[in-house]
Amino acid sequence: MPVQHSESPAPARTIAVIGGGPAGLMAAETLRAAGLQVDLYDAKGSVGRKFLIAGKGGMNLTHSDPFDVFVTRYRERRDEVAAWLRDFDADALRAWARGLGVETFVGTSGRVFPTDLKAAPLLRGWVKRLREQGVRFHVQHRWRGWTDEGALRFEAPDGDVVARHDATVLAMGGGSWPELGSDGRWVESLEAKGIAIAPLQPSNCGFDIGWSEHLATRFAGEPLKPVVAHWIDEHGMPHQRQGECVVTTTGIEGSLVYALSPMLRDAIARDGHATLVLDLLPGRDEDELVRRLGKPRGSRSLGEHLRREAGVSGVRVALLHEVLDKTALADTLRIARTLKRFPFRLQRPRPIGEAISSAGGVPIEALDQRLMLRTLPGTFAAGEMLDWEAPTGGYLLTACFASGRRAALGVIDWLANRRA
């Protein structure tokens, strides 16, 4: 009688996901759903730290913009990011949150928030579900590149750890908020593999102006709202956008400034400075301002005259003194024009460690459509590690989620093709 031989089942494929932010967690979830073993490594003692801080003032998860408008927020990378979002867009993200028991709503600005406005319940529920699904978490494991044999190397509390996996997803963030884990220390390891990394730069950041001591000490923290920014794009087309900003000790920041920060940062790099032109009195007619300010002021101070006739006081008066000399302050037309077209001369962006996000990183061209590094088969990258940027308002988070999912699907496809 012939001996029967039974085939041993193929060993389960194991995937390393390095980085526990939204991109890494979404990659882990997608991989695990496909039946792959997942080890998730993070340099900090817990995952999602930047995600939690981003939601501290109200978790802005995504945005309700129509898709064709949504993708324009990614500037020159719109086509690449649009490909990720076609598989996992804002609606899909809201449905995913609902699956974790987190309902969302659209605010007056079009931004989408969890109903409780908090990030912590969503993150706790997500991590709990991932653990239950079998994702293995390894915290306090800082990635230090590869060994000579190609294994992953980590610094851990008990010494170096070497791990081998069938594929790797890198999702370690950019260079902003380094104390929360995204410190850009991965750049050296990838450059050692011959990958040309675009320099990490601040995005969604404030800018230095160099105020007088009077304005810096007395008016730092004062909001300017609403204001309207005016600018000319690279094609010579005029644009304007209403929003809010805040005077800081060193310059200016806030949502409107963040939205324009790539353009302003690039202008500084090109010209040594940039000028942000803001209408400090939107809705007020310049000719009417000239007429009202032209009234005799008698013994009233300029500040009192501005307050009575134009409703201009506080930080706006202080700003006029920053850019107009005594002769100009006696010229009604100059004052009115300056209030309607105030020139904020920006010297430099604030350091990357203070920025909300970063630009630069792994060039999209270094990746295939699956987000696999062309020169490192089996190694994928996602999230803010990649060279794209977006304004706040939910656009950053949505693309991080979507890129994590795209990279995970890329791993699945790559493994399937290798098996075949």
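Does Thr147 count as buried or exposed, and what is its relative accessibility? Hi everyone, let's start there. Thr147 counts as buried because its relative accessibility is 15%; buried means under 20% relative accessible area, exposed over 50%, and partly exposed in between, with a 1.4 Å probe and protein chains only.

A quick word on the source. This is a predicted model, where local features need pLDDT of at least 70 and side-chain atom pairs count only at pLDDT 80 or more, while totals for chains, interfaces and linings use all residues. Residues are numbered from 1 along each chain as its sequence is written, and side-chain values use heavy atoms, with hydrogens and water left out.

Back to our threonine. Thr147 sits in the loop between strand 7 (142–146) and strand 8 (152–156). Beyond its neighbours within four places in sequence, Thr147 is in contact with Arg153 and Val162, where contact means heavy atoms within 4.5 Å.

Now let's zoom out. The protein chain has 15 helices and 20 strands; these are DSSP runs, with helices (H or I) of at least four residues and strands (E) of at least two, numbered from the N terminus. Of its 420 residues, 51% count as buried. The C-alpha atoms fill a box of roughly 120 × 45 × 40 Å along the principal axes.

Finally, have a look at two helices. Helix 1 (residues 22–33) and helix 15 (residues 395–419) have axes that come within 7 Å and cross at roughly 35°; axes are lines fitted to C-alpha atoms over the stretch in contact, and angles run from 0 to 180 degrees between N-to-C directions. Among the residues making this contact are Met26 of helix 1 and Phe401 of helix 15.
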